Amino acid sequence: MPRIELQTEIKADRNIVFDLSRSIDLHKISTEQTNEEAIAGKTSGLIGMNESVTWRAKHFGVYQKLTSKITEFDRPNYFADEMVKGAFAEFKHEHHFAELNGGTLMTDFFDYKSPFRILGKLADKLFLEKYMTELLIERNRVVKEFAESDKWKEVINE
């Protein structure tokens, strides 16, 4: 099972970074390139424990649906979301937040299993792991951009 691990240093309060990371509205902004939209479950605002969201997005030229649920939640330190239904055989995305030099160190662990056994493993090596890593890097870039400016107030109003 591939594991993508990313660390992002953000010059902002951990509570703000945590909330931006669970913001449905910010997720939509960070995935504009895939036309991602929340179509069921929690479709805006901040997602919390035991809540789910169904996303519709275009990946590799095909529209797909994916439902994920928050399965672990410890504000402002950690939360995890797991796929309930979608294109992967399974995935779990852990989000960790630690204080660092007056800011926040955000660490992502994204573990996933591709469908189609041997063909899935081949897809991982050829393109999927790189594609998923780039999506997560872009998401984190947007979290950082919003957290380090007043833009976070546009998406966190709860």
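This is a predicted model: local features need pLDDT of at least 70, side-chain atom pairs count only at pLDDT 80 or more; totals for chains, interfaces and linings use all residues.

Biologist: Is L126 buried or exposed?
Modeller: Exposed means over 50% relative accessible area. L126 has 61% relative accessibility, so it counts as exposed.

Biologist: Which residues make the nonpolar surface patch with L126?
Modeller: The patch covers about 330 Å².

Biologist: Moving on to pockets, which element gives the largest share of the lining of the largest pocket?
Modeller: That pocket holds about 900 Å³ of space. It is lined by 43 residues, with L66, F88, F91, F110 and M132 closest to its centre. Elements giving two or more residues to the lining include β4 (62–74), β6 (90–100) and α3. The largest share, eleven residues, comes from α3.

Biologist: How many of the lining residues are nonpolar?
Modeller: Sorting the lining by class gives five charged and twelve polar residues. The nonpolar ones number 26.

Biologist: And how far apart are the closest N and O atoms of R141 and E138?
Modeller: Both residues lie in helix α3, three residues apart, about one turn of the helix. They belong to a network of salt bridges that also links E145 and K151. In the R141 and E138 salt bridge, the closest N and O atoms are apart by 2.8 Å.

Biologist: Which strands does the E37 and R56 pair link?
Modeller: These two form a salt bridge, with the closest N and O atoms 3.8 Å apart. The partners are 19 residues apart, in distant parts of the chain: strands β2 and β3.

Notes:
Residues are numbered from 1 along each chain as its sequence is written. Side-chain values use heavy atoms; hydrogens and water are left out. Patches are made of residues with over 30% relative accessible area and no salt bridge: like charges are joined within 9 Å, nonpolar side chains (Val, Leu, Ile, Met, Phe, Trp, Tyr) within 5 Å. Accessible areas come from the Shrake-Rupley method with a 1.4 Å probe; for residues, only the protein chains shown count as cover. A salt bridge is a side-chain nitrogen of Lys or Arg within 4 Å of a carboxyl oxygen of Asp or Glu. Buried means under 20% relative accessible area, exposed over 50%, partly exposed in between (1.4 Å probe, protein chains only). On a 1 Å grid over the protein atoms alone, a cavity is a set of points where a 1.4 Å probe fits but cannot get out, and a pocket is an open set with protein on both sides within 12 Å along at least five of seven lines; lining residues have an atom within 4 Å of a point. Grid points are joined across faces, edges and corners, and a volume is the space filled by probe spheres set on the points. Helices (H or I, at least four residues) and strands (E, at least two) are DSSP runs, numbered from the N terminus. Ala, Val, Leu, Ile, Met, Phe, Trp, Tyr, Cys and Pro count as nonpolar, Asp, Glu, Lys and Arg as charged, and the others, Gly among them, as polar.
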